Amino acid sequence: MAFPLLTLTAAIPAVGAVATAAVPAGRRTAAKWLALAFSLATLALAAVQLVRFDPGGTSQASSSGGAKGPFQLTESHAWIADFGVRYELGVDGIAVVLIALAALLIPFIMLAGWHDADPLETRSSRWRPTQGFFALILMVEAMVVISFEATDVFLFYIFFEAMLIPMYFLIGGFGDGAAEHGEAGAAAQRSYAAVKFLLYNLVGGLIMLAAVIGLYAVTADQLGTGTFSLQEIVQARAAGKLDIATTTERALFLGFFFAFAVKAPLWPLHTWLPNAMGEATAPVAVLITAVVDKVGTFAMLRFCLQLFPEASKWATPVIVVLSLISILYGALLAVGQRDIKRLVAYASISHFGFIVLGIFAMTSQGQSGATLYMVNHGVSTAALMLVAGFLISRRGSRLIADYGGVQKVAPVLAGTFLVGGLATLSLPGLAPFVSEFLVLVGTFSRYPVAGGIATLGIVLAALYVLVLYQRTMTGPVKEEVRGMPDLRARELAVVAPLIALLLFLGVYPKPVTEILDPAVRHTMSQVHQADPKPDVNDVEAAK
Amino acid sequence: MENLIGLLVLAPLLGAGVLLCGGRRLDRSGPWLGTLLAAVSFALGVVLFADMLGKGGEERALDVTVFQWVPVGGFRADVGFHLDQLSMTFVLLITGVGSLIHLYSVGYMAHDERKRRFFGYLNLFLAAMLLLVLADNYLLLYVGWEGVGLASYLLIGFWQHKPSAATAAKKAFLVNRVGDMGLSIAIMLLFTTFGTFAFDPVLTRATDAGEGKLTAVALMLLLAACGKSAQVPLQSWLGDAMEGPTPVSALIHAATMVTAGVYLITRSGAVFDAAPDAQTAVVTVGAVTLLFGAIVGCAKDDIKKALAGSTMSQIGYMILAAGLGPIGYVFAIMHLVTHGFFKAGLFLGAGSVMHGMNDEVDMRRYGGLRTYMPVTFVTFGLGYLAIIGFPGLSGFFSKDKIIEAAFAKGGTEGWILGGAALLGAAITAYYMTRVMLLTFFGEKRWQPDAEGEMPHPHESPRTMTVPMIVLAFGSVFAGGLFSINDTFLKWLEPVTGHEEGHSPVSALTVTAATMVVLVIGVAIAWAQYGRRPVPVTAPRGSLLTRAARRDLLQDDFNHVVLVRGGEHLTRSLVYVDHSLVDGVVNGTAASVGGLSGRMRKLQNGYARSYAVSMFGGAAVLIAATLLMRAV
């Protein structure tokens, strides 16, 4: 039996979660270091995955008859034989990159939130929020990793849903100390945000569950034995053994898509995100938008497009419109926000619009751009949001109006905040530009009008970022801001590598695109889509 | 040689990185380090230039691909450079004037505690601007394009503690982003049309695409040019950009960055030549802006804003020339270079005056400065003579050629454009004479500054006067040197091409007419500001004057329509999101499953809420399993 690398990558953080939770109440610092060590071990395993993964292998496997399929490092075991549920793992180029992203961000999230869960002195000594906080983060990581790896629809569904439980506690249980409404008010707000998060995602999940069962029913009906295996279903469809009726396919597609659109989130299902990101601590907000939400857009590519290619094409016009609304609506709402973290949340909604747009433009530039966008958005939002969190922790307020002139007293903090902001507005030279432009060009070549409208997003992004920077960082120094310390060593250790990564991926994204590209080509071939040809065809030939 | 091109960009980029991340240790040496790296870049430019001169006209271009930047499917963008006569001209202008302005800033910013960062930003600007003119494809050009926008943003808002500076910086970036939108759409159109956006394949085969597509591309490029080069209707940011330190105004907002639009149009000549409708749009923008900027320049009392109006107007001339096609490309670039000398010189002179006058910018509070600041007076005076087109000086040659070319466009269009260019020359003579008289002649109208201190005007230190003197030389001689034997024309022709056109009037007539309008403009200004004493507070003025002081009301229009309108839109959307979208989605959920009641209950305390939701989740799973068995 081959070495179960994928299982191990998910198991290590899970074990870490249990171990961290078990650390005695008095040993808070030990718990933090233990959790960090486990997250670093996971990162190491993710790196091993990247090394062992062969980008060229995907296309070879599928061209040589598709016996192995597009997935590598696969593991497959019978699990619930009665229902055809298998424990099937495998990664393609997209998954392996997103696992690396998640594993990379978690240590930074932990470092940034190092003191976020220190117990208040008023609590009893048996209270162990620190252990809980770090254990929950590891738990989420384990579930995110396995969601990226699962190639069995039911297995994916279980962890897609189970993720909600640790996230719920992370949102509801830990605040950022900004208490405009008083301590009790803040707790109530947090609780509301957590419940809203849970209900939205639970409803999405329920609808998906119905579709998952429906899919099982169809396979059981036509193949004799029901299956949840992505590979089996895709191959059966290709071989003509499985013929899903058009209406059924569309209904099933919608069931899946609804859950992923809640998670992504896509307009109009987005309203849980500003609450959740606003009330959670900044590191948890990053965990939501940069890590967990990526499962939604990832699943669109892996499950919606591959299981239901025809229905995906059928739904494309509506989804393109919804994405455009998300882009512009999210950006306009971001402009109107008075709360720093809610502003970043709406900016993320706008960016998720770009990602979904890229996926459903059904061009190789669009989909490569969208997958790269997931990575870049993760890094850039982490940079911006974590610095925002450092800022908020200094002043105890999330309101933009409570700041002013920070640049004068804390220039390094202001500088890193600006770089995070510039990445958010997709400044060329920083990573998000490459992905955003690919999405735009990929959309434009199939839907010129949609591509044109989406470019309005780049003007609005400049507006919300620069207004935020101007109001918080420039102008005369506010009284409350005076004496604010600049970034500390730990904080700089969080931000500097993220900024370095933004620069590197902006200048040299090739190492990542090389891994993503074959997987994207495979997805494109699954939906039987080719890129539109340029008008003047023989330019290269003429050279 | 090819490798030197990369170094050319890398030197200032390295400077920016070191200066911005280097910390306090570099506070003292930083300015000189930044200046040194700018000079290194200039030296490399000179070496490349010498090498280029050694080759024949057609073999001068150097191409080098450094690495694959974004290789995705059929989409390929490289980091590659293309150095030909056109980009060489810009390289020398950017690094030459750039080095001088670095040197000037050593003196000008000597007392600023954040000067290390200032030089870091200046170096960043140089790197981005060089990338812009050296890129061998539109996407890499776009990187430089937004890079200079970023540097401009950082430098306009350099004194961030002043709210007006921070606002001006944001405005500049936003207005430019509207233009950038045009550039990105143009690149997308090029990609869908040609499957590539590298200069060579696009420009050599431009005519293979339909005229409709090319017109669309050209109009989008024009939008981009309008943003970067402050042309109507995207000109509103340039006046506010004068909030930045004066060396910035000289380098970025006069000599180099704002001329990037002219570069873009000239570089894309093959596209514009095949899209006559777009060319009409270009010349219209140019002609309108050259008058617009000139009129605004007449009414401003702030010396830098008067010069900013002038910059807008002069770039209008260049855009007009570029829109004329092969008749005008060479002269657009020639005027761009001479303008780079004299306008940078004028701004540095203005900075020198402000330096001696406690940072006063109101020309009505100057007067009689010629005896106190002789070097500034002489260099500024030569720049003045150059810009109004005094015979023999740089502006005379370059502007005259543009006016001739405008007439040579032929037909009614030629008469209109030529007329506008002539009228612009008259107004230029008027507003520049006004600046000159108000600043250096007449009575002293000096006023105490905010702290009640009277100014003690004095000549500026050597680091500042030397660059002014060098630029004055350029203002005097560049035009003549370029025009002897048509040197500049022969230099650029292999890249841009050239046609003579059919002028209805002779070159001599045009020159004579230009001289006449010049004298008229100077005479009116003298009658108003030279003969009579100048009031310290501006008179109310005519309706036109008052409108011109407010940038011909364009800002008011923007404010009412875009700013106010936008605020209403976002505010109502915030309301809609909170009450409607959230409400409807929650409401739908509630009506489906009675969730909202449950939701309210859930909020009562932690323990119960999560117990209930976990129970709910588990129940769902069990129900699902049972259901499956039934299936």
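Predicted model: local features only at pLDDT ≥ 70, side-chain atom pairs only at ≥ 80, totals over all residues.
1. Polar contacts do turn up, though: 11 residue pairs, with both partners at pLDDT 80 or more, are in polar contact between chain B and chain A. As for area, about 7000 Å² is buried between the two chains, and carbon and sulfur atoms give 73% of that. The contact draws on 85 residues from chain A and 74 residues from chain B.

2. Now the chain B side of that contact. The elements giving two or more residues to the side that touches chain A are strand 1 (62-72) plus a set of helices of chain B: helix 5 (138-156), helix 6 (163-194), helix 7 (199-204), helix 23 (554-593), helix 24 (595-602) and helix 25 (606-630). Helix 6 of chain B gives the most, with 18 residues. Sorted by class, this side of chain B has 44 nonpolar, 17 polar and 13 charged residues.

3. On to chain A itself. Its secondary structure comes to 22 helices and two strands. The radius of gyration of chain A is 23 Å, close to the 24 Å that the globule rule gives for 543 residues, so chain A is as compact as a globular protein of that length. Taken along the principal axes, its C-alpha atoms fill a box of roughly 70 × 60 × 40 Å.

4. Last, burial and contacts within chain A. Of its 543 residues, 65% count as buried. Take the contacts in chain A between residues at least 6 apart in sequence: 81% of them join residues at least 24 apart.

Conventions: Residues numbered from 1 in each chain as written. Chains lettered and ligands numbered in written order. Heavy atoms only, no water. Contact = heavy atoms within 4.5 Å. Buried area = accessible area lost by both parts, 1.4 Å probe. Polar contact = N/O pair within 3.5 Å; in protein donor to acceptor, adjacent residues only side chain to side chain. Helix = DSSP H or I, 4+ residues; strand = E, 2+ residues; numbered from the N terminus. Nonpolar A, V, L, I, M, F, W, Y, C, P; charged D, E, K, R; others polar. Rg over C-alpha atoms; globule rule 2.2 N^0.38 Å. Buried < 20%, exposed > 50% of the residue type's maximum accessible area, 1.4 Å probe, protein only.
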